[in-house]
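Subject: Structure for you to look at

Hello,

Here is the structure I promised to send. Please open it first, then read my notes below.

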Amino acid sequence: AAATLCLFIHHSNNNLNNNFSKVSSFVYPKTSTIPSSTRPPAANWIDEKPPLLFWNQILLSSPLSRSTPHQGNLQAARKPNQSNNFNRSSNGDQSSPSKRLPNPDKLTKEEKEQSLQYLASLIKRRLRQIKDAKQSTLENDVSNDLDSKQREKIESAEFVTEEEDVAYQLAKGRFIDLATTVKGEKILEDMFRTPVALAASESLTSAADDTQESKDVNNEMTGNNDDNSNNINNSDDNIDTIQTPTDPRLIKHAITSLQSLLLYAMQIGIKGPTEMQNKLVRHLFRPGDAPQEESGTWIPEWNGEAIRRFKFFRETELGKDVLAALIWKRTAQGARDLMVELGVWGRHEDTALLRSGFPIRFLEEEERVSKEAENNTHDPDRILGLRKDLRNFKVYTIDGDSTLDIDDGISVEVLKSSDDKSNDTTDPDNSQRRYRYWIHIADVDRWAPRGSPLLKAAERRGTSLYLATSTLCMFPPNMSSGVMSLESYDDKHALSLGVELNADGSIIPSSILVTPSMIQVDYRLSYDQVDEMLDEGVGYTEEWQIGAMLEAATKRRAHRVAHGSTEGMVPFPIPKGVVSAEYDEEKGDYDVSLKIETTHNSGANVTLEGEGDDPYASPVSSSQLIVTEMMIMAGEAIGKWHQAQTTQEITASDGLVQLPNELKLPYRRQPAPDFKSREAESRHMDFLYAMNKRYPHAWYARRFFNSVQVSEDAGPHFGMGLECYVQWTSPIRRLTDLQVHAALKRYLRKKRINLLIQKGIPIPADIASMDVGCDITQLREYINTASEEKDNSITSSDKVKESLKFKTVDYIDYSSGLGMIFAARPIQSSSSSYWHLEYIRRLVDESIDEVMFESVVLGCVNQERCQYAIYVYALGLEHRYVSETGKLEEGKKLWLKVSSVNPKMGLLTFSLASKSGGIHAQPTSAPAA
């Protein structure tokens, strides 16, 4: 029977592979080498919004999509020589990519019920323990702190050793990324541990008693007690005599059911039709994905790939069955409340983060490879003599106080003209001197090279995630805050760019230098420290380099504004409230703080104080101007440098073959607004500016901005006022920036190898094919053969030269990881919105008076509903407000009170205040609208 089952599974898998081969062969190649004929088009293959072709591939091949509304677009996108066989069988019928995989652990209906009752008993035992612990602490006049003493009481029971506990061994590691804390994962695992006193028990809790117990627990936890409801303490004691099933299949089913319950709880707040819900997880789809044969199928290995598939298919039926077995409310809200009662989730659990599939913590394997990477001594750039020693430069890093992953530093090099005979290098006022401004970016590719396991960990994430409560890094902390980070006083690997400027702030293209380097950071400064140094004059004397960089940054800002950048078009942007939440162990809750920040100020070093300025928003400081302009300059300089580079074909030079060398970079482009065809709107925008209605003008101007596209072809970026722009300054935090680093360094390496070939020098033995992205084995043989020939006659080396081919071993695809990057934006927005509303809720709860805020009307959103966009000064919040008095004029000031706020559901409503003033009333007038 076992042999027959294995044979059936084997044939089933072969059939599935045949069914999916057409999908996978079109969307993604089966090998790591991507032929040029199958690569994405050169232009417009990445978009600020998900690329149409990219999402068409996902939607059409996704098992969750039954319709193909965009199939015509996909057909048109194919090359003429590609056959129209996408997702089709040989007879022309539509094959089903959603055919389910077989379940080797299939249970009967009775076995499933037994497994569910086992899980229900475990959950009820956990709830009982929590209630007893709370009652015990209350009787002893101890504060109700489940995170400390109560938890210690619950965990004080003796359990069977982990090695002997079959259920615990199966559950261990099965709840990664199903809770935002390690503590929550541990609670889920410990639920399956077997107490010593119960290890020999011979019977499961009876189903009838479990049903009554579930009613009692649900009534107690939800407050729905009545005269017929029994307290949990008076219920049957059978839940304390739970026996672990002897059949491992039942335990596996219970674990899978609990996973399904957690997944169901994550769906809280999700609204709209199924198609809309599917879009929230489409970034998790991979070609060839197929759901399991039935809900509850055991996944052999719970790794990153399994977690991704699990959250993509969202099979929650088993979770609903668990709630039914518990007599618990069968809704996502009910499931979430249960997780909170169990202590698995906190009151502020980020369900948007959980259901997104973004990896919350690093797996053991990822942590292991990161530790190994710390000891990686392979440095191709040093071997080829490309890495320059720039440790003589005084390098500054300027970041926030809490920043640990420092990925950029800046310095100034003094260049003397031919007329300058002075040896003094400390006087910045010498008129004969020129400056070269250096931007040093952490060389992350040195530690996470192409094809490395550490890079795979970064590719799972695509970006670092910045939430109100924490930061989820793209690399493990020992790398992102350790060897990769540009910490002070240590030798650090970097990719450095040097550039000179004209008097008007424009870049001198011929002055651009790009090189791998070794640097040493002299000063690790915060924004406030730099501002203080400038205010006190230190930045112009002892540390004159900071003053020189400020002067260059001011010129650069003026240059970009003159070329139509956003800073010039919207000189007074709407500030934004930035909320941070820090957990307080003593309180057992988060402390929430709010800071209102301004993005830019049209080129001035600081926001001028006086009438019409926002008293709540922090000014844009000189230090922020320096960092912003230096990084933008680096992006433009790389683009200009790239356009000056040549492409090396496979041509002979002095009888020697050259390594083909072509550099492709992802240029970010933004077309200029079309004011001509929208003349009436343009006039209205000018009117708002002329009337000094600053924030309404900034809000109205947004409609003119076009979306940013990314292409291999260089083009202007209107929003930045640049001729070209390549983003590459944050490789620790963004995968695409790291890919640009890898492409730049491979180009430089190939260029150096070609120079060695021309000089007759062999390629260093330590240089691998992955270091340059193509197979150089034949090239080594050719060079060795050619070096032995002394005449120009046709010899064996010429035959080798004719047949020499350079197979691509690794293609850098800038579109990889985009799905997770696009998903990261709404996750960060959701976290910020939740804590913003939580901040408001606490203000309301703590105040005995009406909580009022002064606001300004930005513009009309819906005339029929009298819905307007408003900006609340003290909160740094843009919101929607339905007018209670009819039509409102742009720029009108309103005092509004908070009518209701529900952070969990994302709800906030305002109404007109009965009087001006309130807890945030201040004598300082609000800024001019």
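Start with glutamate 629: this residue is buried, with a relative accessible area of 0%. Buried means under 20% relative accessible area, exposed means over 50%, and partly exposed is in between (1.4 Å probe, protein chains only).

Some ground rules. This is a predicted model, where local features need pLDDT of at least 70, side-chain atom pairs count only at pLDDT 80 or more, and totals for chains, interfaces and linings use all residues. Residues are numbered from 1 along each chain as its sequence is written, and side-chain values use heavy atoms, with hydrogens and water left out.

Salt bridges

What does glutamate 629 pair with in a salt bridge? Its partner is arginine 557, at 2.5 Å from N to O. A salt bridge here is a side-chain nitrogen of Lys or Arg within 4 Å of a carboxyl oxygen of Asp or Glu. Arginine 557 sits in helix H20 (residues 544–562) and glutamate 629 in helix H22 (residues 622–644), so the pair ties together parts that are 72 residues apart in sequence. Helices (H or I, at least four residues) and strands (E, at least two) are DSSP runs, numbered from the N terminus. Arginine 557 is buried too, with a relative accessible area of 3%.

Next, look at aspartate 190 and lysine 186. Their side chains form a salt bridge of 2.8 Å, N to O. Both lie in helix H7 (residues 182–190), 4 residues apart, or about one helical turn. Aspartate 190 counts as buried at 19% relative accessibility. Lysine 186 counts as partly exposed at 32%.

There is also a network of salt bridges. It links Asp379, Asp381, Arg387, Asp443, Asp445, Arg446, Lys745 and Arg749. The whole structure has 52 salt bridges.

Two helices

Now find helix H9 (residues 248–266) and helix H12 (residues 317–325). Their axes come within 7 Å and cross at roughly 95°. Axes are lines fitted to C-alpha atoms, for helices over the stretch in contact, and angles run from 0 to 180 degrees between N-to-C directions. H9 and H12 are therefore roughly perpendicular. That label covers 65 to 115 degrees; under 35 is roughly parallel, over 145 roughly antiparallel, and the rest oblique.

Contact means heavy atoms within 4.5 Å. In H9, the contact residues include His253, Leu261 and Tyr264. Those in H12 include Glu317, Lys320 and Leu323.

Best wishes
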